[in-house]
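Hi,

Here is the structure I promised to send over. Please open it first, then read my notes below.

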Amino acid sequence: MYGAQPYPTGSHSFPGQGGQGGDYQQHQQQFAMQQQQALQHLAQFQQQRTQHYQHYQQQSQHYGQYGQYYQQNVFSVNAWQAYQFQSPNDLEQVFRGIMQRNPENAMRNAIQAEDLMNVLNNTPTIRNYFGISWSREMSSIMLAMLDRSKDGFMQWEEFMELQQCLVAWYKVFKQHDADGSGFMDAQELTRVIKQLFGFQIQPPTLTTILKRYSRVVAPNSRCILAFDDFVALSVRLRAYTDAFRKRDSMANGVETGSCNFQYDDFLQCVLCL
Ligand SMILES: [Ca+2]
């Protein structure tokens, strides 16, 4: 029996108990295989993450340089410091606290849009920082933006990255809200989209954006935007440009500025936000 096995196991294989030795070895092989599969999954995940960041670092001929802004600003702020926590652990405690309230969340180690809304609205330091009330709809949009695992849930890493984005965007917003009214001017928005975020969009698109996201006030029919409108716009601009870029590059190896969408693919891209 031992002779039939490719690798003699010697004293490690319970001499005299051939059957059990075989079971033990089988278990060991199974365990090694599972371990290898887990390692492969981890390597795959790390590779995807690296590709994702490489994608944001790439120069984009047709759609602008948002990647540079993202790298330099989103990762240079400290969300937990902005929220006046003592350490990142305090922010993680808030996340885990809300997660544990729903067994479905705890099972997945993640939260849902309503939980995100509750964290933003009910954590005093976070609420004071932004000074607005977040809607369920906005929370869904923000969750979808960073749902890299595509499971409809927000894991801690995705949550943390969203907080970094929000703080970075809020700093930009405040810089352009000179009178501290809580609104940004249309001209400022145009400048931020083009010069800071670096998206290359045409005047008719800007007009469309203003019609959809701004409100008109007296005097002189000024167009102004609130912070949550600014976030909704920033999320969609980023996500749709990203979706477009991916399909453009995939089709040709280089960006052409145009791409083909299948009907269902298109619906999935827009309906998830
Ligand atoms: Ca997720």
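How many helices and strands make up the secondary structure of the protein? There are 13 helices and 5 strands. Please keep in mind that this is a predicted model.

Confidence first. The mean pLDDT of the protein is 85. A score of at least 70 is reached by 86% of the residues. Residues 1–18 are another matter: their pLDDT is below 50. Beyond near neighbours in sequence, that stretch has 10 contacts in the model. Among the elements, helix α1 (residues 18–57) has the lowest mean pLDDT, at 71. Strand β1 (residues 110–111) has the highest, at 98.

Next, the overall fold. The protein has 273 residues, and 22% of them are buried. Take the contacts with a separation of 6 or more: 55% of these join residues 24 or more positions apart.

Helix α4 covers residues 88–99, and helix α6 covers residues 113–122. They pack with their axes 10 Å apart, at an angle of about 135°. The crossing of α4 past α6 is right-handed.

Which residues meet there? From α4 come Val-94, Phe-95 and Ile-98. From α6 come Asp-115, Asn-118 and Val-119. By class, this contact has 4 nonpolar residues, 1 polar and 1 charged.

Best wishes

Technical notes:
Residues are numbered from 1 along each chain as its sequence is written. This is a predicted model: local features need pLDDT of at least 70, side-chain atom pairs count only at pLDDT 80 or more; totals for chains, interfaces and linings use all residues. Axes are lines fitted to C-alpha atoms, for helices over the stretch in contact, and angles run from 0 to 180 degrees between N-to-C directions. Helices (H or I, at least four residues) and strands (E, at least two) are DSSP runs, numbered from the N terminus. A crossing is left-handed if the near helix is turned anticlockwise from the far one by less than a right angle, and right-handed if clockwise. Two residues are in contact if their C-beta atoms, placed from the backbone, lie within 7 Å. Ala, Val, Leu, Ile, Met, Phe, Trp, Tyr, Cys and Pro count as nonpolar, Asp, Glu, Lys and Arg as charged, and the others, Gly among them, as polar. pLDDT is the predictor's confidence in each residue, from 0 to 100. A residue is buried if 20 or more other C-beta atoms lie within 10 Å of its own, exposed if 12 or fewer, and partly exposed in between; C-beta atoms are placed from the backbone.
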